[in-house]
Amino acid sequence: MEKEFSRIGILGGGQLAKMSAYYAFRLGLDISILEKSLNSPAGMMTKNDFEGWVNDDKIMTEFAASCDIITLESEFIDSNRLLFLEKLGKIVLPTSKTISLIQDKYIQKSVLKKANLPLPDFTEVISIDEYSNTVERLGLPFVLKSKKLGYDGYGNAVIRNESEFKESYNILIKRHNSLYAEKFVNFTKELAVLVVKNSFQTLTYPVVETIQENNICKKVIAPANIDVEIMNEAKKIAIESINAVEGHGIFAVEMFLTNDKQILINELAPRPHNSGHYTMDACVTSQFENHIRAVLDLPLGDTSLIYPYAVMINLLGKKNGKGNLENYSEVLKEPDLHLHIYAKADSRLGRKMGHITITGNDLEDILNRAEKIEKIAMI
């Protein structure tokens, strides 16, 4: 990009936008936020806080006028609405084309398959009468999924028999009107790789292990305890995946490591990702700063770990009520702790309210200490 940009617009005002905005401010840049309500976690950080959403042409036009370049914190924005911004003459990264190849998971898998990347077998499910055909193709169990709007376990169901298939079909079809099914994967670990890409550089962060609880990423261990050969293969697959969708920005590639040491792609996320929160405290350059650098087509920062190990644990809501942490003094007694609270107005059971990171030389030690802090954090 020949033109210099200093005003970045972010579609969405949640914690990912908040942390991206923080690093943009550190670089002396200005931020505009578009969110459905004012004073979102990111919106409260800037005077350029726009209330509305992407289906409103008027607010989108006003928002675009405040920005030089636009990015997003969620892949759930219809790619046609990003195209609307592009037709206003704005650069949007990732582009509307990239988002169109990612946000529909069936299209995403089809693009990756065409690029000869390793995936679980999958098939489209057009009607409730396709149970037998799906079993014949994928075996049992299999996973029934919404093509769009699936995250943190929402939009997915493991199917073991025809009764479960019909019940899940009727539930999922209300979430999104198009479904597909995927072969169930027996895995030993879930892995993730962040890929950051501008027009002249592509870098990867360390391969990490992600540990889920109730279908939500609860813990991240960096680096993953895997063979060097598997680590290198995971990074290679991740880069090829982002090239396949013509990515520009930061992306997470989630993967399964199978019982026979195969790597299979689970899904792509075209944005900063929960699996990369540890980078704020454990890497030379955080995922959020590199996201901003990549969007502006600036040289990318070093992605390597500063410490041998890092553990990140999400602070999930333990109550329904106000979103404040009730016991700062108790939590901060751990001197090595990095505490991040997202400033969401309301807490709900299982909602991502913040995260903690501890770095060090002894993985077992920092994991134990992080787990103890998570247990006592009241939010």
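Predicted model: local features only at pLDDT ≥ 70, side-chain atom pairs only at ≥ 80, totals over all residues.
With a relative accessibility of 68%, asparagine 214 counts as exposed.

Asparagine 39, which sits in the loop between β2 (30–35) and β3 (48–51), also has a positive phi, near 60 degrees, and at 55% relative accessibility this residue counts as exposed. Such values deserve a reader's attention because most residues other than glycine have a negative phi, and most peptide bonds are trans.

## Helix α3 and its surroundings

Helix α3 covers residues 79–87, and its buried residues are Ser79, Arg81, Leu82, Phe84 and Leu85. These buried residues pack against β1 (7–11), α2, β4, β5 (91–92) and α4 (96–102).

At the start of α3, a side-chain oxygen of aspartate 78 comes to within 2.8 Å of the backbone nitrogen of asparagine 80, while just after the helix glycine 89 takes a positive phi of about 95 degrees.

## Aspartate 68 in its loop

Aspartate 68 is located in the loop between α2 (57–65) and β4 (69–72), and because its relative accessibility is 14%, aspartate 68 counts as buried. Its side chain reaches the backbone nitrogen of serine 6 at 3.2 Å. When residues up to four places away in sequence are left aside, aspartate 68 touches Phe5, Ser6, Arg7 and Lys90.

## Cysteines without disulfides

The count of disulfides comes to zero. Cysteine 217, for its part, is in no disulfide, and the nearest cysteine sulfur, that of cysteine 283, is 15 Å away, whereas a disulfide would need the two sulfur atoms to be within 2.5 Å. Cysteine 217 counts as buried at 9% relative accessibility, and cysteine 67 is buried with a relative accessible area of 0%.

## A nonpolar patch on the surface

Val284, Ile306 and Tyr307 together form a nonpolar patch on the surface, with about 280 Å² of accessible area between them. Valine 284 lies in the loop between α9 (279–282) and α10 (287–295), and it is partly exposed, with a relative accessible area of 48%.

Notes: Residues numbered from 1 in each chain as written. Heavy atoms only, no water. Patch = residues over 30% accessible without salt bridge, like charges linked within 9 Å, V, L, I, M, F, W, Y side chains within 5 Å. Areas by Shrake-Rupley, 256 points an atom, 1.4 Å probe, with all protein chains shown as cover. Salt bridge = Lys/Arg side-chain N within 4 Å of Asp/Glu carboxyl O. Helix = DSSP H or I, 4+ residues; strand = E, 2+ residues; numbered from the N terminus. Buried < 20%, exposed > 50% of the residue type's maximum accessible area, 1.4 Å probe, protein only. Polar contact = N/O pair within 3.5 Å; in protein donor to acceptor, adjacent residues only side chain to side chain. Contact = heavy atoms within 4.5 Å.
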